Amino acid sequence: MQARFVTFEGIDGAGKSTAVRALAGLLDERGIDHILTREPGGTAVGESIRGILLDRRSEISPETELLLIFAARQEHVLRVVRPALERGAWVLCDRFADASYAYQGGGRGIALDRIDTLRDWVLGTLRPDATFLVDAPVELASERLGRRGDAPDRFEVEAQAFHERVRATYLALQTREPERIHRLPAQWTPDAIQAHLSEWLTSVCGGAA
Ligand code: TYD
């Protein structure tokens, strides 16, 4: 069976991690080799860049933000994502390039063709085989973030309007690529999310355990 590259997206607080854990558990049950990784991050240098990006003391322009994210992505794709797929392991990635369109494009207002240029440079033809968009209304997501209790990062402190633009961009991407991007409503229970992912997995790999 061919290894798949699966990404998870959503606004901050939507509940992506529940979906990532659920799919990882289903792969474990079937004995399918996989890695869990995230962006920005996934390599030592990428995690350092993540630190800069999330630090509220960082004063960086939207363009620098975008370039740093793609610098981290370059390392991640080169050292982690491609090697895993080449050895036959599935890659489950918490955020990937769609987030750059949603946050830096929709949120920060960077022209999408600039993002296309970086994507083509860094990714070539690499694209996720499937993406799960955990879609939450902004109010629900910020309530969930508030309940976590940790200090909000540089993205989480953005105004509601920013998060509305990010969400709208994600939904527009889903409308444009409904075959790849699956919407999971954040209001679903963890069991419902797991059932949906299980059905999807069966459609991809067949019923065999
Ligand atoms: P996130 O993955 O939500 O981590 P946590 O669950 O620990 O809060 O945080 C990463 C942040 O990075 C998130 O706010 C969105 C941002 N981001 C971008 O702005 N562009 C990108 O391309 C990526 C991958 C992430």
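This is a predicted model: local features need pLDDT of at least 70, side-chain atom pairs count only at pLDDT 80 or more; totals for chains, interfaces and linings use all residues.
Strand β4 spans residues 130-135, and six of its six residues are buried, so the strand is largely enclosed by the rest of the structure. In a regular strand the side chains alternate between the two faces of the sheet. In β4, one direction is taken by Ala 130, Phe 132 and Val 134, while Thr 131, Leu 133 and Asp 135 point the other way. Both sets are buried.

Two strands pair with β4. Strand β1, formed by residues 5-9, runs parallel to β4 and is joined to it by four bridges; within this pairing, Glu 9 has Leu 133 as its bridge partner. Strand β5, formed by residues 181-185, is also parallel to β4, here over five bridges. Strand β5 is itself mostly covered, with four of its five residues buried.

**Aromatic pairs**

Across the whole structure, seven aromatic pairs are found. One of them joins Tyr 103 and Tyr 170 in an edge-to-face arrangement, with 6.4 Å between the ring centres and 80° between the planes. Tyr 103 belongs to helix α4 (residues 97-107) and Tyr 170 to helix α7 (residues 160-176), so this pair ties together parts that are 67 residues apart in sequence. Tyr 103 counts as buried because its relative accessibility is 5%, and Tyr 170 counts as buried because its value is 3%.

Ring pairs also link Phe 8, Trp 90, Phe 132 and Trp 200 into a cluster.

**Charges over rings**

Two arginine residues are placed over phenylalanine rings, as listed below.

| Charged residue | Ring | Distance to ring centre |
|---|---|---|
| Arg 73 | Phe 96 | 5.3 Å |
| Arg 154 | Phe 155 | 5.1 Å |

In the contact of Arg 73, the charged end of the side chain sits over the ring of Phe 96. Arg 154 lies over the face of Phe 155.

Terms used. Residues are numbered from 1 along each chain as its sequence is written. Side-chain values use heavy atoms; hydrogens and water are left out. Buried means under 20% relative accessible area, exposed over 50%, partly exposed in between (1.4 Å probe, protein chains only). Two strands pair if DSSP finds at least two bridges between them. Rings of Phe, Tyr and Trp (its six-membered ring) pair if their centres lie within 6.5 Å; planes under 30 degrees apart count as stacked, over 60 as edge-to-face and the rest as tilted. A charge sits over a ring if NZ of Lys or CZ of Arg is within 6 Å of the ring centre and within 35 degrees of the ring normal.
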